[in-house]
Amino acid sequence: MGLRRTSWVQLYALCRRAPLSTAPAAREQPAAGPEAEPVCGPAETARPPVPAVDFGNTQEAYRSRRSWELARSLLVLSLCASPALLARHEQLLHLARKLLGQRLFNTLMKMTFYGQFVAGEDQESIRPLIQRNKAFGVGSILDYGVEEDLTPEEAERTEMELESCFQDGGVSKREKQFQAHRAFGDLRDGVTRARTYFCASEAKCDSHMETFLRCIEASGGASEDGFSAIKLTALGRPQFLLQFSDVLTKWRRFFHHVAAEQGKAGLAAVDTKLEVAALQESVVKMGIASRAEIEDWFTAETLGESGTLDLLDWCSLIDSRTELSRHLVVPNMQTGRLEPLLSQFTEEEERQMTRMLQRMGVLAKKASQAGVRLMVDAEQTYFQPAISRLTLETQRRFNVERPLVFNTFQCYLRDAYDNVTLDVELARREGWCFGAKLVRGAYMAQERARALEVGYEDPINPTYEATSAVYHRCLDYVLEELKHNARAAVMVASHNEGTVRFTLRRMEELGLHPADRQVYFGQLLGMCDQISFPLGQAGFPVYKYVPYGPVMEVLPYLSRRALENSGVMKGAQRERQLLWQELKRRLCTGSLFHQPA
C-alpha cells in the first residue's frame with residue numbers, strides 16, 4: 001500500500017497540527033500595519049461599564065441616513081418581501097433592461113436595489129459612503145462583488161470536465177459528499193448569501209488574486225481599520241479542494257471510529273482522547289503495521305507523556321517522516337478494506353496546494369502592510385475542510401502578534417462546535433492569535449438538496465432554533481476564551497437582534513469592554529441599520545459587509561440580496577416598521593430634509 005510519491009507527505013507537513021508537547025514553531029512575522037492592535041491585556045484601571053444600546057430608537061439608529069435613503073430602504077425591502085415579485089425578478093430585470101436601455105437601466109438600479117446593497121462601482125466611488133459610515137462608528141469589510149457570468153450549462157460542463165481530470169483511470173474513490181455531481185455543477189444554485197467562483201485554470205486563480213489585492217488596497221485607502229473578504233475557491237480549483245477535503249475528512253473520521261471502539265463516542269471532539277495502548281492494539285489487529293513500528297510512532301517525543309492522544313495530536317501524525325508515510329491508511333467504511341490515505345494525489349495537486357498557500361501568503365502580506373485584516377469566507381461543506389485547513393496554515397504564519405486572518409465558522413453545521421473548539425485549542429497550544437467570524441450559514445437549501453440527491457447525511461442542523469442554539473454555544477465558548485486571552489478576537493456576524501443582545505449581555509458578564517476591540521459585530525450593507533449604527537455610536541466595533549463593482553457585474557449579488565430578504569421575513573418586517581416610524585417622525589417634526597452631521 002505504499003505511496004507512489006513521498007513528496008505528498010512532505011506537502012502534508014505544511015498542514016500538520018503540532019502536539020501538546022511541542023513548543024510553538026517559528027512563524028513568519030507580518031509587517032506592522034498602521035492599525036496594529038495591542039497585544040497586552042486591558043489596563044488594570046477602572047473603566048466605564050459596557051454601554052447600553054437601544055435598538056428601538058429610530059432617531060439615533062438612522063441619524064446617518066437622509067430621508068430619501070430611508071424611503072429607498074423601505075421600498076426595496078418591501079419589494080423583496082413580495083413572493084410573486086421574487087419568483088420573477090430575473091425576468092423582470094431582463095425586461096426592464098430591454099425596455100429602458102443600458103444607461104437608464106443602470107440609473108434605475110442605482111436608485112433602487114444597487115444603491116441599497118452596493119457601495120459603488122470602483123475604489124473612488126465607494127469612498128464617500130465608507131467615510132460617512134465611519135463617521136458614525138461603522139467600519140467596512142470590502143468585497144469586490146463581480147462574478148463570472150456563466151450559464152448553468154457552462155458551469156455544469158466545467159464541473160464535470162474538471163472531475164474527469166482528477167480520476168486516475170477509473171471511478172473516483174472519494175466518499176459521496178466529495179464527488180462532483182452534474183446536478184450541482186452550478187455552485188450558485190440555491191445560494192442566497194455568498195458569491196461563487198469557477199476556477200478552471202491557474203491563470204484565472206492568479207487573476208482573482210490580483211482582484212483581491214486591489215480590494216485590499218481599496219480597503220486600506222478608505223479606512224484605517226477595515227477588513228477585506230476573500231474566497232479560497234477563487235484561489236484554487238474546486239476539484240482540488242474536493243480531493244483535499246475528502247482526505248482530511250477520512251483521517252478525522254478514522255479517529256472517531258477508533259474512539260467509538262474505545263467507548264468514547266458522543267463526546268465533543270476537543271474532549272475525546274484515545275488511550276494510546278488500546279490504539280496500538282487496534283492498529284496491529286488491522287494489519288496496518290507491526291507492533292514495533294507502531295510503538296515507534298507513538299513516543300513521548302511526538303505525543304507527550306499522557307498516554308492519551310486527542311484529535312489535534314492525531315492530525316500531527318501526518319508529517320514528513322517517510323517511514324510513516326506508507327502506513328497512512330484508513331478503513332473504507334463501505335468495503336471494509338484498508339486504503340492508502342494519500343494515494344489519490346498527483347504531482348499537479350502538489351503544485352496546486354503550494355500555489356494556493358503562496359497566493360494566500362501574498363494576500364496576507366499585502367493586508368498587513370495596508371493595515372487591513374483578511375476575512376476568509378466559508379463555503380460549501382464539501383470544500384470547507386480544505387478551506388479551513390489552508391486558512392489555519394495562513395493564521396499560523398501571520399496571526400503572530402494580532403489576529404490578521406479571520407476564519408469563518410458556519411453554525412448551521414452539525415459539527416460547528418467541534419470545529420470552533422478545536423481551532424481555539426490549537427491556537428492556545430501553538431501560541432498564535434485566534435481570529436474568527438461566526439455566521440449562521442449561506443448554503444442551506446443547496447446543501448440539503450445535494451445531500452438528498454447524492455446520498456449522504458444532511459450536514460445542516462434540522463431547525464433554525466437548533467442553529468441558533470449552536471451559534472450561541474460557539475459564541476459563548478469563544479467569549480470565554482477572550483476573557484482569558486487578550487490576543488483573540490471574534491466577529492459576531494448576525495442580523496438577529498436576539499443574538500446581538502445575547503452577545504452584549506455576555507460581554508458585560510465576562511468584563512469584555514468594547515474598547516478592548518476583541519468583539520466585533522457585522523451586518524450586510526443595506527440591511528439592519530437599526531442594529532449596526534446604534535452599536536457603532538455606542539462605541540462597539542461594528543462593520544458593514546460592503547460589496548462594490550459595476551452594475552451589470554454585481555447583478556447576481558443583488559439577486560441573492562433580494563432572495564435573502566425574503567428568507568428573513570421576521571427581521572425584515574421589524575426593519576420596515578422602524579424605517580416607516582422614523583419617516584413619520586421626521587415628517588411630523590419638520591425634519592424631513594435631515595442632513596447627517
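At what angle do helix α10 and helix α17 pack? Select residues 238–261 for α10 and 384–398 for α17: the two helices pack at an angle of about 85°, and their axes are 7 Å apart. That angle makes α10 roughly perpendicular to α17. Bear in mind as you go that this is a predicted model.

**Stop 1: where the two helices touch**

Show side chains on both helices. From α10, pick L241, F244, S245, L248 and T249; these meet Q384, P385, A386, I387, R389 and L390 of α17. Colour the contact by residue type and you get seven nonpolar residues, three polar ones and one charged one.

Stay on α10 and select K250 and D246. These two form a salt bridge, with 3.4 Å between the closest N and O atoms. They sit four residues apart in the helix, so about one helical turn separates them. Are K250 and D246 buried or exposed? Both are buried.

**Stop 2: the whole protein**

Zoom out for a moment. Count along the cartoon and the protein has 24 helices and twelve strands. Of its 597 residues, 56% are buried. Now for how the chain meets itself: taking contacts with a separation of 6 or more, 81% are between residues 24 or more positions apart.

**Stop 3: the nonpolar cores**

How many residues does the largest nonpolar core have? The count is 71, and the residues with the most contacts inside this core are L438, L504, V519, F521 and L535. Helix α20 (residues 464–484) gives the core its largest share, eight residues.

Centre on V519 next. Ignoring neighbours within four places in sequence, V519 is in contact with L479, L482, V490, V492, T503, M507, L512 and P541. Another core lies apart from the largest one; this one has 34 residues, including I216, L248, A386 and L390.

**Stop 4: salt bridges**

Across the whole structure a search finds 31 salt bridges. Select K437 and D377 for one of them: their side chains meet at 3.4 Å, N to O. This pair links distant parts of the chain, with K437 in strand β9 (residues 435–439) and D377 in the loop between β7 (373–376) and α17, 60 residues apart. Both K437 and D377 are buried.

Why are E497 and R501 separated by about one helical turn? Because they are four residues apart in helix α21.

Then select D310, D313, E425, R428, R429 and E481 together. Salt bridges with shared partners join these six names into one network.

**Stop 5: two loops with positive phi**

Most residues other than glycine have a negative phi. Here are two that go the other way. R517 has a phi near 55°, a positive value, and R517 is not a glycine. Find R517 in the loop between α21 and β11 (519–524). Its relative accessibility is 29%, so R517 counts as partly exposed.

Now follow the chain to C528, in the loop between β11 and α22. Phi of C528 is near 60°, again positive in a residue other than glycine. Is C528 buried or exposed? C528 has a relative accessible area of 5%, so it is buried.

**Last stop: S532**

Step into helix α22 (residues 529–537) and select S532. With 0% relative accessibility, S532 counts as buried. What does S532 touch, leaving out residues up to four places away in sequence? Show V138, Q523, M527, V542 and K544, and you have its partners.

Note on methods
Residues are numbered from 1 along each chain as its sequence is written. This is a predicted model: local features need pLDDT of at least 70, side-chain atom pairs count only at pLDDT 80 or more; totals for chains, interfaces and linings use all residues. Side-chain values use heavy atoms; hydrogens and water are left out. Axes are lines fitted to C-alpha atoms, for helices over the stretch in contact, and angles run from 0 to 180 degrees between N-to-C directions. Angles under 35 degrees count as roughly parallel, over 145 as roughly antiparallel, 65 to 115 as roughly perpendicular and the rest as oblique. Contact means heavy atoms within 4.5 Å. Ala, Val, Leu, Ile, Met, Phe, Trp, Tyr, Cys and Pro count as nonpolar, Asp, Glu, Lys and Arg as charged, and the others, Gly among them, as polar. A nonpolar core is a set of buried Ala, Val, Leu, Ile, Met, Phe, Trp, Tyr and Cys residues joined through side-chain atoms within 4.5 Å. Buried means under 20% relative accessible area, exposed over 50%, partly exposed in between (1.4 Å probe, protein chains only). A salt bridge is a side-chain nitrogen of Lys or Arg within 4 Å of a carboxyl oxygen of Asp or Glu.
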